[in-house]
Amino acid sequence: MTTYKYKAQTPEGMTVSGVVEAVDQFAAADKIKETCPIILSIEAEKEKGNSILDMEIGSGKINMKSLSIACSQIAITLRAGIPLARCLELIGNQTEDKGVKKFLLQTAEDVSGGASLSASMEKYGKGLPITFIETIRAGEQTGNIEESFQQMADYYDKMNKTKEKVKQALSYPIFVVVVAIVVLIIVMAFVIPSLTQTFESLGANLPIITVILINISHFFQHWWALIALVIVAIVFSWKAYVRTEKGKEVQGKIQLKMPGLGKIHTMSGAADFANTMAMLLNSGITVNNAVEITAKTLGNYIQQSEIDGMVGKIEEGHSLGECMKATTSFPRTLCEMCAIGEESGELSSTLEVIGDFYSNETDVAIKAAISKLEPTMLIFLALFAGFIVIAIYMPMFTMYNYM
């Protein structure tokens with residue numbers, strides 16, 4: 001809803017001013033004329049967004065799990081015969097996610113005023129995925145909005161579960177790396193300097209391995225600020241670089257070609273493509289539009305570019321399977337199954353099956369990568385710990401000669 005300021009005359013001829021909320025200026029005028037037949041002026045109020053109190057904290061993205069639950073609840077209430085605006089209001093009031101709650105209540109108010117659901121959600125759901133808006137729009141066009149909500153509930157539930165699997169698989173290696181970094185900082189900042197003072201006070205000739213460790217400790221002590229600055233500069237420079245077209249391309253190639261991780265990105269991209277395409281096609285969206293929308297949801301730039309480049313070819317009359325076979329960043333099985341699905345007239349169901357397959361393959365690839373990463377990390381940590389232990393204890397065997 002938009003807020004409008006107005007000046008008008010009452011039937012008695014008195015000039016009054018006030019504000020009214022409406023979908024557009026015409027609807028606002030209709031509301032004003034209910035009490036004031038003559039409108040002198042009417043204009044939309046400017047939105048206030050500069051105050052710190054008005055700013056929202058966070059990335060603005062909608063949580064997939066909360067979105068999936070909300071879609072499922074909306075689908076159920078719509079099937080029960082509850083009007084759309086009332087349904088959105090009910091689900092919005094009971095959801096705990098603040099982002100979902102806000103846009104559902106705002107959308108409910110807009111829809112009750114006569115606006116379309118897709119236009120209202122596009123207006124208020126700033127963090128909503130593009131697949132959500134387009135699926136709603138397709139559901140409105142086909143008159144099957146409750147089925148669109150149910151399909152999105154299943155789709156976002158599947159995407160959330162895949163995301164959680166990745167998080168769980170990576171949690172242990174990340175924990176080990178963080179612990180190793182903390183231990184390294186403690187040893188270099190506190191343990192080694194105190195031992196260095198002891199060794200130097202005894203005037204002993206230290207073994208070369210101990211000298212190396214002490215020099216490393218001194219380096220970190222004297223240059224830690226520069227090291228931190230260089231790391232921050234590298235991180236920010238890389239982030240700025242990958243915002244450019246060339247940077248996105250380089251990052252995409254690295255993601256697909258990295259040992260172990262490359263397979264994960266390839267399988268994950270294939271699963272995202274198949275699952276998103278299946279959901280959009282089931283919602284009644286045409287193949288070329290579904291391909292265009294799906295391209296925007298893919299995380300890898302190379303895969304995204306290849307899918308986006310297929311839109312024009314499909315509009316020229318080429319089949320999806322034919323276009324997929326020309327790609328290089330997707331598994332051959334996916335390309336062949338797209339062609340088979342088109343030939344059999346069961347493209348959406350074929351994509352659903354192949355999407356589940358590649359979701360499982362992504363899970364297997366992640367577990368395989370972790371199984372190789374864990375022993376590698378343990379060996380590295382063992383060598384690191386062994387180096388420190390030897391460097392510390394070797395001088396201790398000769399310390400008694402100087403006591």
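## Helix H16 and Thr362

Helices here are DSSP runs (H or I, at least four residues), numbered from the N terminus. One of them, helix H16, spans residues 347–399 and holds Thr362. We're looking at a predicted model, where local features need pLDDT of at least 70, side-chain atom pairs count only at pLDDT 80 or more, and totals for chains, interfaces and linings use all residues. Residues are numbered from 1 along each chain as its sequence is written, and side-chain values use heavy atoms, with hydrogens and water left out.

Is Thr362 buried or exposed? Thr362 has 3% relative accessibility, so it counts as buried (buried is under 20% relative accessible area, exposed over 50%, partly exposed in between, with a 1.4 Å probe and protein chains only). Set aside its neighbours within four places in sequence, and Thr362 touches Ile264, Met267, Ser268 and Ala271 (contact means heavy atoms within 4.5 Å).

## One face of H5

Helix H5 runs over residues 117–124, and its buried residues are Leu117, Ser118, Ser120, Met121 and Tyr124. Looking down the axis of H5, these buried residues fall within an arc of 165 degrees, so they line one face of the helix (the arc is that of the directions from the helix axis to the C-beta atoms).

## Aromatic pairs

Rings of Phe, Tyr and Trp (its six-membered ring) pair up if their centres lie within 6.5 Å; planes under 30 degrees apart are stacked, over 60 edge-to-face, and the rest tilted. That rule gives seven aromatic pairs. One of them is Phe103 with Phe132, an edge-to-face pair at 6.4 Å centre to centre with 90 degrees between the planes. Phe103 sits in helix H4 (residues 98–112) and Phe132 in helix H6 (residues 130–142), so the pair ties together parts 29 residues apart in sequence. Both Phe103 and Phe132 are buried.

Phe357 and Tyr358 have ring centres 5.0 Å apart and planes at 75 degrees, so this pair is edge-to-face too. Phe357 is partly exposed at 39% relative accessibility, while Tyr358 is buried at 2%.

## The largest pocket

A pocket is worked out on a 1 Å grid over the protein atoms alone: it's an open set of points where a 1.4 Å probe fits, with protein on both sides within 12 Å along at least five of seven lines, and lining residues have an atom within 4 Å of a point. The largest pocket is lined by 40 residues, and Met64, Lys163, Asp272, Thr297 and Gly299 lie nearest its centre. Elements giving two or more residues to this lining include H6, helix H10 (261–282) and H16. The largest share, ten residues, comes from H7.
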